[in-house]
Amino acid sequence: MKLKMRFFMDFLLLILVEFVVVRLVNGEIPTTLEGPFKPVTVPLDDTFRGHAVDLPDTDKRLQRSVHGFEPEQISVSLSSTYDSVSISWITGEFQIGDNIKPLDPKSVASVVYYGRLSYFLNKGAKGKSLIYNQLYPFEGLKNYTSGIIHHVKLTGLKPKTRYYYQCGDPDIAAMSKVLSFVTMPVSGPRSYPSRIAVMGDLGLTYNSTSTIDHMKSNNPDLLLLVGDACYANLYLTNGTGSDCYSCSFADTPIHETYQPRWDYWGRYMQPLISKVPIMVVEGNHEIELQAGNLTFAAYSSRFAFPSHESKSASTMYYSFNAGGIHFLMLGSYAPYNKSDAQYEWLIRDLARVDRKETPWLIAMWHAPWYNTYKPHYREAECMKVAMEELLYKSGVDIVFNGHVHAYERSNRVYNYTLDPCGPVYITVGDGGNREKMAIKHADEPGHCPEPSKTPDEFMGGFCAYNFTSGPAAGKFCWDRQPEYSAIRESSFGHGILEVKNETFALWTWHRNQDMYEKAGDQIYIVRQPDRCPVE
């Protein structure tokens with residue numbers, strides 16, 4: 001029986017490959033096998049700029065709609081393997097002002113009932129609860145304390161199975177309605193989620209809502225957010241916001257935030273992420289410095305991470321499997337040099353990867369290494385210097401980044417040189433936040449940044465020296481679109497990754513201004529393990 005099934009699966013794979021080849025011959029969808037491609041810059045569409053204005057707190061989608069300690073801001077996140085997920089939610093109301101009194105996390109239980117039938121939730125799990133504070137040691141600035149944040153891990157789940165759940169505290173009759181999610185497929189070379197949505201720098205603007213609406217129409221099984229969720233740090237603690245914090249609030253004693261924007265974001269996103277698992281990695285807008293030099297408090301508290309399961313000691317970097325894909329979620333804003341904990345963890349994690357079980361290796365972090373736009377140009381060069389060789393030798397197939405508010409996809413590249421075994425780098429920092437789009441390119445006359453101003457203050461270090469070889473040798477910027485940049489466009493949107501098998505993955509980028517079914521960029525990314533062996 002097993003031999004017959006294997007023969008049948010091989011037959012289906014052959015049919016799929018032939019189907020893909022026919023489509024490629026007909027010129028419908030290109031493949032990386034045809035690359036490298038001549039660089040393309042899609043002309044700027046001045047008629048569509050998007051409505052990148054934040055939703056006001058009066059919007060009903062952002063307002064609290066529960067009573068007492070009923071759950072809100074409910075979300076699902078994955079563990080490191082298919083058989084476990086985490087359910088997260090918040091109970092109680094946040095406080096902001098001069099005299100805040102934190103809630104007691106132990107005062108409300110963290111309970112989830114779940115099962116495979118909506119009317120028979122025959123399993124139960126308990127978890128942990130916490131609160132976090134955002135405190136400022138300056139007169140006139142308002143402090144914040146969150147509602148009670150709950151994280152409950154569900155275990156013993158079956159792959160590709162719909163589970164129904166209800167979360168809250170049954171002892172005080174504060175339970176959510178019954179919701180559901182679908183688990184990931186078991187890891188294997190022919191087992192993949194149907195559609196994975198990828199977004200970055202989302203924010204909470206009217207344009208963000210367009211991105212989400214477009215993304216929902218693609219019915220994703222998993223949502224990946226490459227940093228910068230709600231942009232609470234574009235606000236003062238009194239709720240006054242700006243598209244450019246440093247331009248409007250240059251004299252503040254500390255970079256303030258308005259933490260209720262996190263609650264607004266959680267409420268807006270709940271209808272989606274209470275059903276579709278979301279996995280997040282930190283961006284620069286999650287730094288949120290406060291008293292005691294504490295950072296990333298909201299990010300680390302509000303989301304559940306499989307850090308422990310993937311043997312990471314930090315919420316800033318971790319890994320997980322989704323079918324036959326192993327995801328590396330790396331931290332642009334955590335130390336990354338060879339002597340640092342993140343690098344040492346990455347070596348150990350890569351050593352545990354079995355490419356027969358998870359053929360695809362995909363990495364994500366916020367600040368891109370291959371970016372040809374003027375904003376953030378070569379900003380993460382020191383991280384690139386530290387980690388690029390390791391990821392290349394480990395055979396990373398695709399890298400997703402955000403940070404730059406535009407879209408860009410590279411040819412396969414390594415060390416700024418076209419390389420058929422290098423990853424495809426894709427920047428999707430175009431989710432729709434209020435900082436607007438990036439439109440200027442570093443290779444255009446007059447737009448090459450001053451090298452000394454490129455490093456990020458929080459990341460530290462300076463590694464962005466002039467190129468020593470290639471067409472840009474002796475220069476800090478190219479004088480034309482670099483050959484490693486396949487396509488770039490300044491538009492808001494999101495991407496969908498459809499891994500077909502251990503060889504082919506279809507990447508589609510959708511622009512907000514297009515009809516839902518139209519693609520702004522589409523390509524089959526093809527693995528070549530025989531040509532590109534992994535060390």
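**Helix H6 and the strands around it**

User: What covers the buried residues of H6?

Analyst: The cover includes strands S17, S18 and S19, along with helix H7 (381-393). Keep in mind that this is a predicted model.

User: Which residues of H6 are buried?

Analyst: Gln342, Tyr343, Trp345, Leu346, Asp349 and Leu350. They lie on the same side of H6, because they cover an arc of only 160 degrees around the axis.

User: How many residues does H6 have, and what does it reach from its first C-alpha to its last?

Analyst: H6 has 12 residues and reaches 17 Å, close to the 16 Å expected at 1.5 Å a residue.

User: Now the sheet. What is the order of its strands?

Analyst: The sheet is open and has 8 strands, in the order S1-S25-S21-S24-S20-S19-S18-S17, with mixed pairing. S1 (40-41) and S17 (318-322) are the edge strands, and each pairs on one side only. Helix H6 (residues 341-352) packs on this sheet and touches S17, S18 (325-329) and S19 (360-364). The direction of H6 makes about 175 degrees with that of S18.

User: Do S20 and S24 run parallel or antiparallel?

Analyst: Parallel: 4 bridges join S20 (residues 398-401) to S24 (residues 424-428).

User: Which residue in S24 is the bridge partner of phenylalanine 400?

Analyst: Isoleucine 426.

Note on methods
Residues are numbered from 1 along each chain as its sequence is written. This is a predicted model: local features need pLDDT of at least 70, side-chain atom pairs count only at pLDDT 80 or more; totals for chains, interfaces and linings use all residues. Side-chain values use heavy atoms; hydrogens and water are left out. Two strands pair if DSSP finds at least two bridges between them. Helices (H or I, at least four residues) and strands (E, at least two) are DSSP runs, numbered from the N terminus. Contact means heavy atoms within 4.5 Å. Axes are lines fitted to C-alpha atoms, for helices over the stretch in contact, and angles run from 0 to 180 degrees between N-to-C directions. The expected span of a helix is 1.5 Å times one less than its number of residues. Buried means under 20% relative accessible area, exposed over 50%, partly exposed in between (1.4 Å probe, protein chains only). The arc is that of the directions from the helix axis to the C-beta atoms.
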